[in-house]
Amino acid sequence: MELLKIENLAVGYPGEPPTVSGINLTVSDHDYIGIIGPNGGGKTTFIRTLTGALAPVSGHIERLVPSLRMGYLPQIKSIDKRFPLSVCDVVLSGLMAEKGLFGRYRKGDRQRAKELLGEIGIGHLAHRPVGALSGGELQRVLLCRALIADPQLLILDEPTTFVDNRFEKELYELLAELNQQMAIIMVSHDLGTISRYVKSIVCINRCFHYHPSNIITSQQLQEYDCPIQLISHGPVPHTVLSQHTHCTCCSPDDTPSETTR
């Protein structure tokens, strides 16, 4: 079943040239799409447009399922930890799109929030102020917030930032299970790891290139004007983004930084 259809979309900020253009993509249930690309290439701008935080510059996003439920885990740096909320209240705020700012929670919503926190290993933090959390703890809380509305589409923007290796492994295993119930779009710099889990890959660096597989070669990326070199190092592949001019819609000064794992 198709959930979203994106046609001729351009994204960016008011008063500025489009950050990314030529976006065409259909998202279906059980899709698992990994989004890669260098810093400043437009990944987060695309995600923010997808979630409705930014209006499209042109083109459109069509929701093919009425009242499509979307869960969103933003980059942790965009969260203000000074806001006076408890961990449980932050998780419950994931129901705000459904209930509105002053909506009342259903019986059992708070219990469900505590259950999610317990499943992710931080049930003991339910009543702690969010400002007292470490980066890894906050990331776990935000994942619960994204899941509480039982989304049909889960969107994650670099979810492994500030988490330890153990939780990173647990997160990818959890997402693989969740993908049996919902579609997932995940932004990551770590192609070497996410390619073990995702089903298709998008490269964004001012332009948009969709690859309908998790197996992608340097030659194919060259054809997409995104020359990422894949280097195998034992059983774990490493990813290097070399300096390059991505495509004709990028200026020669748009040279992405190296990313390695």
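Contact here means heavy atoms within 4.5 Å. I'm writing that down before anything else, and also that this is a predicted model.

**Entry 1: Ile-184 and the cores**

I started with Ile-184 and skipped its neighbours within four places in sequence. What is Ile-184 in contact with? I found Asp-31, Tyr-32 and Ile-33, then Leu-153, Leu-154 and Leu-156, and finally Leu-175, Leu-178 and Asn-179.

Next I looked up the largest nonpolar core, which has 45 residues. Ile-184 is on the list of residues with the most contacts inside it, along with Leu-154, Leu-175 and Met-186. Which helix gives the most to this core? Helix 5, residues 135–147, with 7 residues. There is a second, separate core too, with 24 residues, and Val-11, Ile-23, Leu-68 and Ile-204 are among them.

I traced an open sheet of 6 strands and noted the order as 5-6-7-3-8-9, with mixed pairing. Which strands stand at the edges? Strand 5 (70–73) and strand 9 (208–211) do, and each has a single partner strand, so one side of each has no neighbour in the sheet. On average, neighbouring strands are turned by 15° against each other, direction ignored.

A reminder to myself: strands of a sheet pair through backbone hydrogen bonds, either parallel or antiparallel. I then went through some pairs:

- Strand 5 and strand 6 (residues 153–157) run parallel and are joined by 4 bridges. Here Met-70 stands opposite Leu-153.
- Strand 6 and strand 7 also run parallel, with 5 bridges.
- Ile-35 stands opposite Val-187 in strand 7.

I also followed the chain from strand 6 through helix 6 (residues 165–178) to strand 7, and this β-α-β crossover is right-handed.

How many residues of strand 7 are buried? I got 5 of its 5. In a regular strand the side chains alternate between the two faces of the sheet. I checked both faces of strand 7: Ala-183, Ile-185 and Val-187 are on one side, Ile-184 and Met-186 on the other, and all are buried.

**Entry 2: helices on the sheet**

Helix 5 lies across strand 5 and strand 6, and runs at about 170° to strand 5. Helix 1 (residues 43–51) packs on the sheet too, where it touches strands 3, 5, 6, 7, 8 and 9. The direction of helix 1 makes about 150° with that of strand 5.

Then I looked at helix 5 against helix 6. They pack at an angle of about 10°, and their axes are 13 Å apart. Why do I call them roughly parallel? Angles under 35 degrees count as roughly parallel, and therefore helix 5 and helix 6 do. Helix 5 makes the contact with Arg-140, Leu-143 and Leu-147, and helix 6 with Phe-167, Leu-171, Leu-174 and Leu-178.

**Entry 3: Ser-28**

My last stop was Ser-28, which lies in strand 2 (residues 20–28). Is Ser-28 buried or exposed? Buried means under 20% relative accessible area, and Ser-28 has 18%, so it counts as buried. Leaving aside neighbours within four places in sequence, I listed the contacts of Ser-28 as Met-1, Glu-2, Leu-3 and Ala-183. Ala-183 is a residue I'd already met on one face of strand 7.

Key
Residues numbered from 1 in each chain as written. Predicted model: local features only at pLDDT ≥ 70, side-chain atom pairs only at ≥ 80, totals over all residues. Heavy atoms only, no water. Core = buried A, V, L, I, M, F, W, Y, C linked by side-chain atoms within 4.5 Å. Buried < 20%, exposed > 50% of the residue type's maximum accessible area, 1.4 Å probe, protein only. Helix = DSSP H or I, 4+ residues; strand = E, 2+ residues; numbered from the N terminus. Pairing = 2+ DSSP bridges. Axes fitted to C-alpha atoms, helices over the stretch in contact; angles between N-to-C directions. Right-handed = clockwise from strand over helix to strand, strands pointing away. Parallel < 35°, antiparallel > 145°, perpendicular 65-115°, else oblique.
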